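After that, we'll turn to a sheet and a helix.

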Amino acid sequence: MRYLSWLLWLVVAAAGQAPERDELASSYTHPWIGDGELLARLSDSTARVRVTVSPLTIAARHVDTVTCDGQPVALTRRGNVWQAAVPLGEHLVTVDSRAAEGRDPSLPWTAPPPGDSAAVARRLEAAAGEVVIPDGVYTDVRWTIAAPGTAAAPLLVRAQTPGQVVLRGRCAVQLSGSFGRLQGLRFEHCANNNTVLLSGDDNRVTQCLFFDCGDPRSTFGHVVAVAMGGDRNRVDHCYWTRSKSMSLAQRVSATGEVGRDNQFDHNVFRDVYRYWVNGQENIQIGQNQRGASGALEPRCRVEHNLFDHANGDSETISNKSSANLIRRNVAAWCDRATLHLRGGNNVLVDGNTAIGGLGGWIIFGRGHRLINNLVVGCSASGFSLGAGATDPEAQYAAATDIYLAHNTVVDGVGPAIATVLASPTYPVVPSGLTITRNVLLGAAGLALNGVAGDAGDNVVRSAAAAVLAVDSPAALTLLPGTVARQPRLATVTTDRLGRERPAQTVPGCDEAGSVGSQPAIPPRSVLDLALHRGPALADSGLAAERRLTDEARELVVELPAAAVLSWQHRPVAFSDRASVELPGGWRLVWQGLAKDGKPDGVIGLYDGDRLLAEAADLVLPYNDFRHQGWLGRTLNTATTPNPGVWTEFHWLQAPDFCLLVAGPTNRAVPVLGWPTGRPGGRVTLRQQGGGVWRGVAVQAWQEVDPTPPNAPAPTVASRGNMQVGLTWPTQPGVRYTVQRATAAGPWQTVAAGLSSGACDDFEVAAGETWRYRLQARTPAATVVGPEATLTFQPTGPTFRRLAADTAVVEPPLGLRAGGPAAPPAVWAPVAAPTDLEICPTNGHADFALNIPQAGQWSVYGWVQAPTEGNNSFWAQVGDAAPAVWHLAADPQWRWQPLFTNRALPAGPLRLRVRCREAGTLLGALLLTDDPTWKPTGP
């Protein structure tokens, strides 16, 4: 079958075998920008460029070589940038940027000198032709570019050197004239709403960088926005990372004249972490999908953008208006987000790719056309067609008159195409659907040959009961596969990459031929502190839990210039405030109260008493404690901190940047970065009020070793009934995969992504001989170790594992089919109705436990809780009242407790699970009477 070559690569990539990107080491590595005209960015390293000044100045974190049309050119470094001898004209330029293992610490990025923002503002008042902003750091600027240019002579406002004009603080840059162009600026920790606002017509923002921008107190602001009434503006070839508010938006409000024909293209959105329940969308087209606002037609074009691990909101792209074009974008590894047509009508969604994410497209509204899209390896549906309210003016509108043609869904966990079940709130089911000439290949029983087309000319192949799952068959019209009987199919004249479809004989998103114009799929992102923790230094003196009250404690160990400083902290009262004083005068400050007397909700980085930057407190977020009018309530009304909740911190001082990783224990993520390193010296912990500290440790920062890891050899032993324990020696910065096979059987994965040297296996049978082996993996290489064998003889404590497919399951709960990387699991599909407050009376999964003897027993679940909105079940033990089974949100499969050391009588015991939050997965239960056993590995 002609899909074979690219399809196999994509499936392997989705399974995690593709190259990887180290998020920590690459936190300040960005796609290169320059002083030429970027015409089309093909990847981080390659772009088609119109060079008007030679040599070409290139701004990138690290550069090894530069090629022009495939030929190397001379390269020299000048300060923070490089100059490449690229001749005048249009060329394909590739910049080979060194990754972590190739970084040269002798060439650090150094901050430019302070700039005179007032002088720049005066120059912009009388701007004409070209304004060159001198290299420098500008703080709290208010710049307005109002003078009109013309189509023939646009007004160019550019950095003297690309990336060396740095804006920080509460900055506001407004393009209010026409035909203005802003190019080459770098924005860092700009916390103002609408840091860049395009309020005029025909303006352009290009090759600008946005690091850590947005307001941690408001996720609903915009870093860059097109105002109401602005026409034909363009934002292109820009870069966003760690955005704290929405990155890029077009304002669409029913109260004003909508701007038309704006364009967002060739941008990159990377490593955007969610810290609140709403907001932080990467691209938003409109603010309210209901009524007149959603019906407005901005005709916005969103194309050729890359969303790489961009999970700030559950909506990677949020469309809330009509007549827009969303084309040839790539969403990769967005495992907490989907592409979302929240509303509006008549949107064309053409040639987009979603790989390794939460899902493909969620669809509400009327008249949308979704053609040539590819969805690979996602954990929810490829296309989910939403149910709606009876009054769409006030609520969501059901997916109606939707056209799905020539799409491909591969290796998904949920159904490829599904409609959402009706509920009391949303009783209107989708209708008027046309679904034809799609390729739907399920995760289970994936086959690339010998597939058969169904009545709608769709190619469907899956070991699951149904890949094409539609709740209301009457709502679906599957048409025969002839162009004559499908007039709208005749308009699908190109494929995913823009190649012609002369006869439309090939179903799915790709016709045939070479690689076309779409952003390259990036390597999977890896967030692993173990990669960079070197040898532990001397004892900090505060490794054990210690309460401090209105005191300071200097660490006994000195922090080197390149180090990882880790600690955990919890306040005694919300008013308590804590800080870490770092070498060179910097301070990290968190917790305490804001002016309204509620938890402050931010983490501040200070230079002395001067605020440099703020990050969101992921444990006590600012917005949780403020009344939310759109919800009609306050999310968190607690008056004292939860004593069981700790915040985990890791301060990374790399050779040329600093990064704070913070959040709940075991789920800390990068929240605050700074582009330059720090000196070594003493560290002081300071507590105002009461606070408890623990786990304070200092380790050397280590670069990722570019050589392959050692081949690990496992040691295996029988431990208890139905339990085999494995241990092995570990290396810093290496992750391990455990595989098992019978004497004659194939290898199967037991666990993956382990950094510790221990794992338990519960799927073994007594008397058989089992083979085990380990894979050691870094972003540089994967090495397979030698085999170890064991003939299992059960002894000691009891361990009994009940797989999901042993349960008696009734809808809306169902049994999701397993695949190569996931077990069968009890779940309610993401589209199922839920109730967080009342345990439902219909639908359950019943597990029959048999307690061998009375005593203290524990039950754990092998669970996957993808997001904060998909991380709980209702659970009922025997005849006890149902209770909420809360799970720590984690996209990895892990053992999490239902209860521990609970007195149970001997005999049969029913454990009943019901749906609370759809999308939560239960792969197995584990019953044990071993009070010392703790889960190991994911």
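Start with the largest cavity: 14 residues line it, and those nearest its centre are Lys244, Tyr273, Tyr275, Pro670 and Val671. Keep in mind as you look around that this is a predicted model. Strand 60 gives the most, with 3 residues.

How many cavities of 30 Å³ or more does the structure hold? There are 8 of them. How do you find such places? Rolling a probe the size of a water molecule over the atoms shows where empty space is left.

| Cavity | Volume | Make-up of the lining |
|---|---|---|
| Largest cavity | about 110 Å³ | 9 nonpolar, 2 polar and 3 charged residues |
| Second largest cavity | about 70 Å³ | 4 nonpolar, 4 polar and 2 charged residues |

Now find the second largest cavity. Its lining is made up of His30, Ala59, Ala60, Arg61, Asn80, Trp109, Gly163, Gln164, Arg186 and Leu209.

Five strands make an open sheet here, and if you walk across it you meet them in the order 3-4-10-6-7, with antiparallel pairing. Which strands sit at the edges? They are strand 3 (37-41) and strand 7 (71-72), and each of these pairs on one side only. Zoom in on strand 3 and you'll see that it pairs with strand 4 (residues 46-51) in the antiparallel sense, over 4 bridges. If you want to trace one of these contacts yourself, go to Glu37: its bridge partner in strand 4 is Arg50.

Last stop: helix 2, which covers residues 117-125. Which of its residues are buried? Val120, Ala121 and Leu124 are. These three are on the same side of helix 2, because they cover an arc of only 100 degrees around the axis. Turn to the other side of helix 2 and you find Arg122 and Glu125, which are exposed.

So what covers the buried residues of helix 2? The cover includes four strands: strand 11 (130-133), strand 12 (136-139), strand 13 (142-145) and strand 14 (155-159).

Technical notes: Residues numbered from 1 in each chain as written. Predicted model: local features only at pLDDT ≥ 70, side-chain atom pairs only at ≥ 80, totals over all residues. Heavy atoms only, no water. 1 Å grid on protein atoms, 1.4 Å probe; cavity = no way out; pocket = protein on both sides within 12 Å on 5 of 7 lines; lining within 4 Å. Points joined across faces, edges and corners; volume = space filled by probe spheres on them. Helix = DSSP H or I, 4+ residues; strand = E, 2+ residues; numbered from the N terminus. Nonpolar A, V, L, I, M, F, W, Y, C, P; charged D, E, K, R; others polar. Pairing = 2+ DSSP bridges. Buried < 20%, exposed > 50% of the residue type's maximum accessible area, 1.4 Å probe, protein only. Arc of directions from axis to C-beta. Contact = heavy atoms within 4.5 Å.
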